[in-house]
Amino acid sequence: SKREIKMRKLDSTKVRPLKTEQLLHIEDHDFALRPGFGGSPIPVGIDVQVESIDSISEVDMDFTMTLYLRHYWKDERLSFHSNKNKSMTFDGRLIKKIWVPDVFFVHSKRSFIHDTTVENIMLRVYPDGNVLFSLRITVSAMCFMDFSRFPLDTQNCSLELESYAYNEDDLMLYWKHGNKSLSTDEHISLSQFFIEEFSASSGLAFYSSTGWYNRLFINFALRRHIFFFVLQSYFPAMLMVMLSWVSFWIDRRAVPARVSLGITTVLTMSTIMTGVSASMPQVSYIKAVDVYLWISFLFVFLSVIEYAAVNYLTTIEERKQLKKRGKASGMYSMDAVQAMAFDGCYHDADEDMDLSPFPEPCEDSETRASQTNISNADTPRLKRKRSLKGNVGRIILQNNHVIDTYSRIIFPSVYIVFNFFYWGLYI
């Protein structure tokens, strides 16, 4: 009826696809076959614009990239007559009815075509049969990384494109505009990497079952920003090593101070090393940061061993001195510094101190002295305290072991040489 004909004309969703299919002669050809089937391989040009590099994962050894992938080929079956020689543009609904190249990403883990608000697919057909097929894709692919120089490393990654079904006898992939076929957004930036280079290359891939295939490569080099790791790993390690050298300037008889300082620096270095290794893949080779942290840990550990040697040799020397002085009524005669090491109290250096094997605490002796004669004892004690304040530095320097004296020079010198060698080798 006239009413039904009028409704069909108003319903553009039914009329326009029919006119398009008739204009392109889609129903007259079998698009399951490639263009020029049985003849020479069909050339398919590729053009890529990289929109962004979303992430680089060292743990998973992969990268995620968003790009515009464009295909160019000629299919004479899609040619049509046009007086103005204008192309026709379609969305993704026509893709299922014609032949398109089956390009896939080699070593891809995940990939998808963006579909907001509709699928990001564009098909443009020219009157002579030339076709432009464009996709917006996000792909995650493997990147075989080498961490032997981490974090002073440069990683070379590549995204590889290849036809899945058609070998070189049926399809020839090539870069449409040579080296200019690969373009990037000027504002691409990464938090930990600086993009040094983007380049395009091509090659062949062989499979024993199906033959040779054309393969295209999107190569890019990433150089790591080191400043983050200097603040988080290298600088704290340097501070811990220098803090361990403070032990060489502390009196060798101050056992609690030197031992606690050594243990604290060792545990802090262990924490730094654990934090670095937790964010890295469990590789079987040594990384550059491992070399630095382990050498720094060795310096801290040797400072603890150095005091163990000093304490042991000091004990031997004191025993020899006690044997030379001999025994008097079962009591040992000691000088002021040795007595202070045992009971923690200062004694006059001019007086001989007789201490039993189990000396009484200094608080008890002071209490007895105050009970007997407080007024008579105040004046000599004040004099002794004043003389102690003026001679503390001299006493500490005189009673430092010769190993401490050499360690103050050897440890910093060797560590500075190591730093020059390390940074010169890896930078």
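Predicted model: local features only at pLDDT ≥ 70, side-chain atom pairs only at ≥ 80, totals over all residues.
Figure 1. E51 belongs to strand β1 (residues 42–57) and R136 to strand β7 (residues 130–142), so the bridge ties together parts that are 85 residues apart in sequence.

**Figure 2. The salt bridge of D62 and K109.** The side chains of D62 and K109 meet at 3.4 Å, N to O, in a salt bridge. Distant parts of the chain are linked by this pair: D62 lies in strand β2 (residues 62–74) and K109 in strand β5 (residues 108–113), 47 residues apart. The relative accessible area of D62 is 5%, and D62 is therefore buried. K109, by contrast, has 37% relative accessibility and so counts as partly exposed.

**Figure 3. The salt bridge of R77 and D75.** Here R77 forms a salt bridge with D75, and the closest N and O atoms are 2.9 Å apart. R77 counts as buried because its relative accessibility is 15%, under the 20% limit for that class. D75 is also buried, with a relative accessible area of 1%.

**Figure 4. A network of salt bridges.** Three residues, E58, D153 and R224, are linked in a network of salt bridges. The structure as a whole holds 17 salt bridges.

**Figure 5. The contact of helices α5 and α8.** Helix α5 covers residues 288–325 and helix α8 covers residues 402–426. Their axes come within 12 Å and cross at roughly 175°. An angle over 145 degrees counts as roughly antiparallel, and α5 and α8 are therefore roughly antiparallel to each other. The residues of this contact comprise 18 nonpolar, 4 polar and 2 charged.

**Figure 6. A nonpolar patch on the surface.** The patch is formed by V402, Y406, I409, I410 and V414. Together these residues have about 490 Å² of accessible area. V414, one of the members of the patch, is found in helix α8. V414 counts as partly exposed because its relative accessibility is 42%, which lies between the limits of 20% for buried and 50% for exposed.

How values were computed
Residues numbered from 1 in each chain as written. Heavy atoms only, no water. Axes fitted to C-alpha atoms, helices over the stretch in contact; angles between N-to-C directions. Helix = DSSP H or I, 4+ residues; strand = E, 2+ residues; numbered from the N terminus. Parallel < 35°, antiparallel > 145°, perpendicular 65-115°, else oblique. Nonpolar A, V, L, I, M, F, W, Y, C, P; charged D, E, K, R; others polar. Patch = residues over 30% accessible without salt bridge, like charges linked within 9 Å, V, L, I, M, F, W, Y side chains within 5 Å. Areas by Shrake-Rupley, 256 points an atom, 1.4 Å probe, with all protein chains shown as cover. Salt bridge = Lys/Arg side-chain N within 4 Å of Asp/Glu carboxyl O. Buried < 20%, exposed > 50% of the residue type's maximum accessible area, 1.4 Å probe, protein only.
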